[in-house]
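Subject: Structure handover

Hello,

Here is the structure you asked to look at. My notes follow below it.

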Amino acid sequence: MGQQEGRNVPVIDLQRFPSQYEKPRGACEEWGCFRVLNHGISEALMAEMKAVARSLLDLPMEAKKKKKKNAVEGSGCLEPDKAYPLHESLGLWDMGSAQGVDEFCSQSNASPHQKEIMTIYREAVHELAMNMADELT
């Protein structure tokens, strides 16, 4: 994954999680993130979510530039700019929120199928986060 001064991003293996309960705190303090293995989210769902993201990024630029009235600033497809000419991204600010996913899907004109995959993925990630939080308390 990423590296900082030759060190790897910390990895939390959920098969060994109860014995590693201090590791997420240390990772967050030092790195601000960590990678999770054996999390239970299926490879198929992750592949579907990646395909949804790719299909949204592959839309013609004109379709991605369209902004909905009353859209959340920074939501939808975010095009490259002068500061980052090669960087294009999807602005989804709260993947844990059903409302955040709904707003993103509306702003980016996601199809019903794309929205369904994003919703299923959101629910899986939310459940994972809640399970990890329960283990830490």
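Along the sequence, the pattern is β-β-β-α-β-α-α-β-β-α-α. That gives 5 helices and 6 strands. Helices (H or I, at least four residues) and strands (E, at least two) are DSSP runs, numbered from the N terminus.

The model is predicted: local features need pLDDT of at least 70, side-chain atom pairs count only at pLDDT 80 or more, and totals for chains, interfaces and linings use all residues. Residues are numbered from 1 along each chain as its sequence is written, and side-chain values use heavy atoms, with hydrogens and water left out.

**Whole chain**

The chain has 137 residues, and 28% of them count as buried. Buried means under 20% relative accessible area, exposed over 50%, and partly exposed in between (1.4 Å probe, protein chains only). The exposed surface comes to about 9400 Å², with 53% supplied by carbon and sulfur atoms. Accessible areas come from the Shrake-Rupley method with a 1.4 Å probe; for residues, only the protein chains shown count as cover. Take the contacts between residues at least 6 apart in sequence: 53% of these join residues at least 24 apart. Contact means heavy atoms within 4.5 Å.

Aspartate 13 sits in strand E3 (residues 11-13). Its relative accessibility is 10%, so aspartate 13 counts as buried. Its side chain makes a polar contact of 2.7 Å with the side chain of asparagine 38. A polar contact is a pair of N or O atoms within 3.5 Å; within protein, one must be able to donate a hydrogen and the other to accept it, and residues adjacent in sequence count only if both atoms are side-chain atoms. Beyond four places in sequence, aspartate 13 contacts Gln20, Leu37 and Asn38.

Asparagine 38 belongs to the loop between E4 and helix H2 (43-57). Check its backbone: phi is positive, about 55 degrees, although asparagine 38 is not a glycine. This residue is partly exposed, at 41% relative accessible area.

Leucine 37 is in strand E4 (residues 35-37). It is partly exposed too, at 31%. Setting aside neighbours within four places in sequence, leucine 37 contacts Val11, Ile12, Asp13 and Leu14. Its C-alpha lies 9.8 Å from that of arginine 16, 21 residues apart along the chain.

**H1**

Proline 24 lies in helix H1 (residues 23-30). It is buried, with a relative accessible area of 5%. Not counting residues up to four places away in sequence, proline 24 touches Ile12, Phe17, Phe34 and Leu136.

**H2**

H2 has 15 residues, which should span 21 Å at 1.5 Å a residue; the end C-alpha atoms are 21 Å apart, in agreement. The expected span is 1.5 Å times one less than the number of residues. Leu45, Met49, Val52, Leu56 and Leu57 are its buried residues. Seen down the axis of H2, they fall within an arc of 135 degrees, so they line one face of the helix. The arc is that of the directions from the helix axis to the C-beta atoms. Glu43 and Lys50 are exposed on the other side.

**H5**

H5 has 25 residues and reaches 36 Å between its first and last C-alpha, close to the 36 Å expected. Its buried residues are Gln114, Ile117, Met118, Arg122, Ala124, Leu128 and Met132. They pack against E4, H2 and helix H4 (98-107).

Glutamine 114 lies in H5 (residues 112-136). It is buried at 12% relative accessible area. A polar contact of 2.7 Å links its side chain to that of serine 55. Leaving out residues up to four places away in sequence, glutamine 114 touches Val52, Ser55, Leu56 and Asn109.

**Cysteines**

How many disulfides does a search of the whole structure find? The count is 0. The cut-off is a pair of cysteine sulfur atoms within 2.5 Å. Cysteine 28 is in no disulfide; the nearest cysteine sulfur, that of cysteine 33, is 7.9 Å away. Cysteine 28 counts as partly exposed, at 40% relative accessibility. Cysteine 105 is buried, at 5% relative accessible area.

Best wishes
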